[in-house]
Amino acid sequence: MPTDYIRNGVLYVTENYLCFESSSSKSSSSKKNKVIKLVDITDIQKYKVLSVLPGSGMGISIATPSTQKPLVFGAMIHRDEAFETIFTQYMKIVTTSKPPSSAEL
């Protein structure tokens, strides 16, 4: 179960990275900025941060080999659109970086 919650900030998706800029990054002690290579993502899921709320939730959980528990980006206003963008770009990266199988040669 993901428990590493990241709050209050902006999530950016580039061709190769998922970047989170914390809105509290002005204070170096509470800095929570994250840069994740899309190719390093091992799992991405839509996530319901609070099970008591109706609906499918407003978060996205992302796991990488370097995280013990998935990172949760919660309370997203446009969660479904963000998920689709991240997933689509992730699939582009994975399919272009995958070596051809012997059947494809």
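Which residues do ring pairs link into a cluster? The legends below get there step by step, and the answer comes with the ring views: Phe 83, Phe 87 and Tyr 90.

**View 1. The whole chain, a predicted model with one helix and seven strands.** Welcome to the overview: this is a predicted model, in which local features need pLDDT of at least 70, side-chain atom pairs count only at pLDDT 80 or more, and totals for chains, interfaces and linings use all residues. Residues are numbered from 1 along each chain as its sequence is written, and side-chain values use heavy atoms, with hydrogens and water left out. Read along the sequence, the pattern is β-β-β-β-β-β-β-α; helices (H or I, at least four residues) and strands (E, at least two) are DSSP runs, numbered from the N terminus. Of the 105 residues, 27% count as buried, where buried means under 20% relative accessible area, exposed over 50%, and partly exposed in between (1.4 Å probe, protein chains only). Taking contacts (heavy atoms within 4.5 Å) between residues at least 6 apart in sequence, 38% join residues at least 24 apart.

View 2. A friendly caution for anyone zooming in: where pLDDT is low, the predicted coordinates should not be read in detail.

**View 3. Gly 9 in strand β2.** Strand β2 covers residues 9–13, and Gly 9 has its place there. With 40% relative accessibility, Gly 9 counts as partly exposed. What does Gly 9 touch, not counting residues up to four places away in sequence? Its partners are Phe 20, Glu 21, Ser 22 and Ser 23. For Glu 21, which is 12 residues along the chain from Gly 9, the C-alpha atoms of the two are separated by 5.4 Å.

**View 4. Helix α1 and its buried face.** Helix α1 (residues 79–97) has 19 residues and reaches 27 Å from its first C-alpha to its last, close to the 27 Å expected at 1.5 Å a residue; the expected span is 1.5 Å times one less than the number of residues. Its buried residues are Arg 79, Ala 82, Phe 83, Ile 86, Gln 89, Tyr 90 and Ile 93. Seen down the axis of α1, these fall within an arc of 145 degrees, so they line one face of the helix; the arc is that of the directions from the helix axis to the C-beta atoms. The elements they pack against are β2, β3 (17–22), β5 (43–47) and β6 (59–63).

**View 5. Salt bridges around Asp 80.** A search of the whole structure finds two salt bridges, each a side-chain nitrogen of Lys or Arg within 4 Å of a carboxyl oxygen of Asp or Glu. One joins the side chains of Lys 46 and Asp 80 at 3.3 Å, N to O. Because Lys 46 lies in strand β5 and Asp 80 in helix α1, this pair ties together parts that are 34 residues apart in sequence. The side chains of Arg 79 and Asp 80 also meet in a salt bridge, at 2.9 Å, N to O. Shared partners join Lys 46, Arg 79 and Asp 80 into one network. Arg 79 is buried at 4% relative accessibility, whereas Lys 46 is partly exposed at 38%, as is Asp 80 at 37%.

**View 6. Aromatic pairs and the ring cluster.** Rings of Phe, Tyr and Trp (its six-membered ring) pair if their centres lie within 6.5 Å; planes under 30 degrees apart count as stacked, over 60 as edge-to-face and the rest as tilted. By this rule there are three aromatic pairs. The rings of Phe 20 and Phe 73 have their centres 5.6 Å apart and their planes at 50 degrees, so the pair is tilted. Phe 20 in strand β3 and Phe 73 in strand β7 (residues 71–73) are 53 residues apart, and their pair links distant parts of the chain. Both Phe 20 and Phe 73 are buried. Another tilted pair is that of Phe 87 and Tyr 90, with 6.4 Å centre to centre and 40 degrees between the planes. These two are three residues apart in helix α1, which means a separation of about one helical turn. Phe 87 is partly exposed at 32% relative accessibility, while Tyr 90 is buried at 16%.
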